[in-house]
Amino acid sequence: MLRDFCRLNLLILTISAINVIAVGLFTIYLLHRPQSKSSNPAECRTLIQAHRFRAAKNGLSPHISRIRPNARLAFVFGIENAFTTPDEGYADYFVKNARDLINLKAQDWGNLAKTLRSAANKLTSTAHRLHLASLVQSLSLRIILTTLLNAELDTIPHAEQHMITLAQAINRAWVSSKNDADLIDFAHNADLQASLSALFPTYNKTDPRDNPLCWILPGFETSWRINLRMVLELMLNTGQSHPEWTSTMIAFAHSPTKTQFEAPGGDGVSAKELVAEGLRLYPPTKRIYRAFEWAEHGATRSDTFAADVEACHLSGGIWGHDARKYNPLRWRAVTDAQKQAYLPFGGAPFECPAKAVFGPRMIALVVGVLVDAVQESKGWRVVDKDGKDVSDVFCGERLKNDRGSYEELFLVRVAGGV
Ligand code: HEM
């Protein structure tokens with residue numbers, strides 16, 4: 001009896017000690033956890049303005065605060081654009097140019113859709129096995145090259161292959177930019193330079209303002225990953241039980257007008273809402289960084305803080321219990337808190353010029369053209385690298401949002417497909 005009592009006491013003591021240690025460790029974690037990230041929407045919007053973050057009042061100008069975290073981009077891609085230039089006047093000029101270039105007329109949208117459909121049909125008409133990510137990259141790049149750089153891709157021999165090679169070279173350079181050990185500067189990146197020269201033989205390699213990547217990176221790097229995820233959502237995930245969503249996107253690809261973009265489809269959901277939900281669940285820019293310098297106890301301190309866009313988009317407290325599910329119906333009734341927390345195109349004063357029209361519609365166009373070209377009814381299905389069908393692997397859960405995911409998916413055409 002006494003021995004049992006002693007054992008019980010010992011057990012209670014051990015549990016209490018574990019509790020004390022756990023609370024202690026948690027307190028130490030809270031005190032020392034990195035303060036450099038915010039997932040509070042109001043705080044994120046203030047941080048993006050770059051004047052103040054919590055107690056730190058920024059001594060840097062908003063422009064310098066914004067470009068400083070992008071120094072690696074300038075080094076790795078050899079670009080000088082609004083994201084990297086120290087010259088604020090040139091940044092304003094670049095943004096104005098971007099606004100003009102993406103301000104397409106109704107007829108331009110029609111032509112773009114035709115070009116894209118014909119490229120997709122060419123790619124899929126004879127092939128029996130296609131690398132899905134490369135197909136998405138090639139169509140996403142085509143929109144950017146045609147609209148922003150006026151590239152006449154039909155006159156360039158093997159343009160399709162060059163675009164895929166360029167997309168891969170950009171991807172490798174991007175990955176290298178995140179890792180000190182692999183960092184290669186543009187001047188020494190022969191692959192990247194060669195793939196650019198194949199499409200732009202006359203650009204001046206020594207002038208960072210003339211580098212086509214200045215125009216390619218802001219739209220291509222952001223759009224191909226969201227495009228791939230939307231294709232997967234529609235073909236293999238939540239869209240499997242909502243075939244009308246795919247029909248809505250295809251309808252927009254055939255008639256890329258404002259009216260069609262906003263028109264409710266089969267179950268009342270428009271292409272605009274389908275894209276908005278894609279951008280919420282899979283924001284291409286997951287974090288927006290700002291450099292800060294401020295005075296503290298007589299010394300100058302500096303740090304880089306991040307607005308965690310992805311966390312704002314996935315917060316259950318703001319978006320509800322199904323925050324991590326693709327549910328375009330939520331866009332029927334959006335609250336003010338949700339509007340505040342929605343930041344796929346950043347916020348004032350550096351808000352993306354493609355936010356209102358070009359960005360969302362170019363996503364809808366690539367996705368609509370692609371799901372149309374590789375519909376199951378045309379004999380296509382998606383398989384992994386071993387040829388195994390993947391139509392039942394996603395189960396309605398959120399897809400991965402990192403760069404390398406879904407690199408191992410292929411489209412194959414089953415016998416008898418047309
Ligand atoms: C899905 C497509 C796109 C997404 C998700 C996107 C996202 C963003 C984000 C998050 C920012 C804010 C960056 C910051 O505050 O540091 C931004 C700014 C900007 N974006 Fe986009 N973007 C897209 C397409 C494009 C395209 C096609 C262009 C055309 C050139 C473009 C040009 C710009 C420019 C010039 C800025 C800087 C604006 C300024 O400094 O005032 N973006 N974009």
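How are α6 and α7 oriented to each other, roughly parallel or roughly antiparallel? Before the answer, some conventions are needed. This is a predicted model, in which local features need pLDDT of at least 70 and side-chain atom pairs count only at pLDDT 80 or more, while totals for chains, interfaces and linings use all residues. Residues are numbered from 1 along each chain as its sequence is written. The mean pLDDT of the chain (the predictor's confidence in each residue, from 0 to 100) is 91, and 91% of its residues reach 70 or more. Over residues 18-34, however, the pLDDT is below 50, and this stretch has zero contacts in the model beyond near neighbours in sequence; two residues are in contact if their C-beta atoms, placed from the backbone, lie within 7 Å.

Helices (H or I, at least four residues) and strands (E, at least two) are DSSP runs, numbered from the N terminus. Helix α6 (residues 106-126) packs with helix α7 (residues 132-148) at an angle of about 150°, their axes being 11 Å apart; axes are lines fitted to C-alpha atoms, for helices over the stretch in contact, and angles run from 0 to 180 degrees between N-to-C directions. The two helices are therefore roughly antiparallel to each other, a term for angles over 145 degrees. On the α6 side the contact includes Leu112, Leu116 and Leu123, and on the α7 side Leu135, Leu139 and Ile143 are among the residues that make it. By class, this contact has eight nonpolar, three polar and one charged residues, where Ala, Val, Leu, Ile, Met, Phe, Trp, Tyr, Cys and Pro count as nonpolar, Asp, Glu, Lys and Arg as charged, and the others, Gly among them, as polar.

The contact draws on residues including His162, Leu166 and Ala169 of α8, and Asp191, Leu192 and Leu196 of α9.

Turning to the strands, three of them form an open sheet in the order β1-β6-β5, with mixed pairing; two strands pair if DSSP finds at least two bridges between them. The edge strands, each pairing on one side only, are β1 (37-38) and β5 (287-296). Strand β6 (residues 299-308) runs antiparallel to β5, and ten bridges join them, with Ala299 in β6 as the bridge partner of Glu296. Helix α2 (residues 41-49) packs on this sheet, touching β1, β5 and β6, and its direction makes about 125° with that of β6.

How values were computed. Parallel < 35°, antiparallel > 145°, perpendicular 65-115°, else oblique.
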